[in-house]
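My notes follow in the order I made them.

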Amino acid sequence: MNARTTRTLAAALSLTAAFAISGCSSDGGDSGGKPKLSVSGAFMPQPVNDKMAGAFMVIKNDSKTADKLTGVTSTLSDDLQIHETKDQKMQQVQSMDVPANGELRLERGGSHVMFMGLKSTPKVGDKVTVELRFEKAAPVKVELDVKERTYNAQTPTSTDGTAH
């Protein structure tokens with residue numbers, strides 16, 4: 001090999017390495033391609049008895065990678081289920097989508113977390129800790145504020161007055 005061929009080969013290898021490195025890091029700000037999830041408005045209406053309770057919240061995904069809520073755990077119950085409501089019927093599902101650059105709303109009359117067979121009955125003002133489990137993101141611990149049975153979170157509105 002002559003010097004010119006060696007320099008050309010070295011330049012080509014350097015350029016290939018630079019593309020490979022930049023390709024690995026240019027994921028739009030996502031760390032390793034994992035979703036960036038946050039939770040807001042988490043609450044549980046005070047349960048009527050120790051048979052069951054619901055939990056509601058908004059899970060926001062600020063990344064370009066979609067994810068799925070796959071499970072929920074808590075010391076309050078050994079049986080937590082993810083439920084969706086379709087055609088006014090509640091049914092258990094294995095997972096729920098958390099869209100890229102979007103949110104999953106768990107709210108009254110819609111999708112929610114269901115606690116079955118409570119170990120105790122929380123009162124207004126108590127806090128209940130749950131751990132949300134996802135397909136891709138690390139688990140997220142959330143504190144649910146126990147609210148009055150009639151409490152309903154306000155739906156945020158945009159500046160033009162339309163609901164989100």
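**Strand pairing and core**

I began with strand 9 and strand 10 (residues 140–147): they run antiparallel and are joined by six bridges. This is a predicted model, so I kept confidence on the list for later.

Strand 9 and strand 10 make a hairpin, with five residues between them.

Strand 3 (residues 67–73) runs antiparallel to strand 9, with four bridges between them. Here Gly71 sits opposite Arg133 of strand 9.

**Strand 2**

I moved on to strand 2. Is it enclosed or open? Eight of its ten residues (residues 52–61) are buried, so strand 2 is largely enclosed by the rest of the structure.

I listed its pairings:

- Strand 1 (residues 37–45) is antiparallel to strand 2 and joined to it by five bridges.
- Strand 7 (residues 102–106) also runs antiparallel to strand 2, over five bridges.
- Strand 8 (residues 112–116) pairs with strand 2 through four bridges, again in the antiparallel sense.

The link from strand 1 to strand 2 is a hairpin through six residues. Val39 faces Ile59 of strand 2. Met57 is opposite Leu106 in strand 7. Met52 has Met116 of strand 8 as its bridge partner.

**The core**

Which residues have the most contacts inside the largest nonpolar core? I found Ile59, Leu69, Phe115, Leu132, Phe134 and Leu144, in a core of 29 residues.

Leaving out residues up to four places away in sequence, Ile59 touches Ser38, Val39, Leu69, Val98, Gly102, Glu103, Leu104, Leu106, Leu132 and Phe134.

**Confidence**

Last, I read the pLDDT. The chain mean is 82, and 74% of the residues reach 70 or more. Where does the pLDDT stay under 50? I found residues 5–31, for which the model has twelve contacts beyond four places in sequence. Residues 157–164 are also below 50, with ten contacts in the model beyond near neighbours in sequence.

Key:
Residues numbered from 1 in each chain as written. Predicted model: local features only at pLDDT ≥ 70, side-chain atom pairs only at ≥ 80, totals over all residues. Heavy atoms only, no water. Core = buried A, V, L, I, M, F, W, Y, C linked by side-chain atoms within 4.5 Å. Buried < 20%, exposed > 50% of the residue type's maximum accessible area, 1.4 Å probe, protein only. Contact = heavy atoms within 4.5 Å. Helix = DSSP H or I, 4+ residues; strand = E, 2+ residues; numbered from the N terminus. Pairing = 2+ DSSP bridges. pLDDT = per-residue confidence, 0-100.
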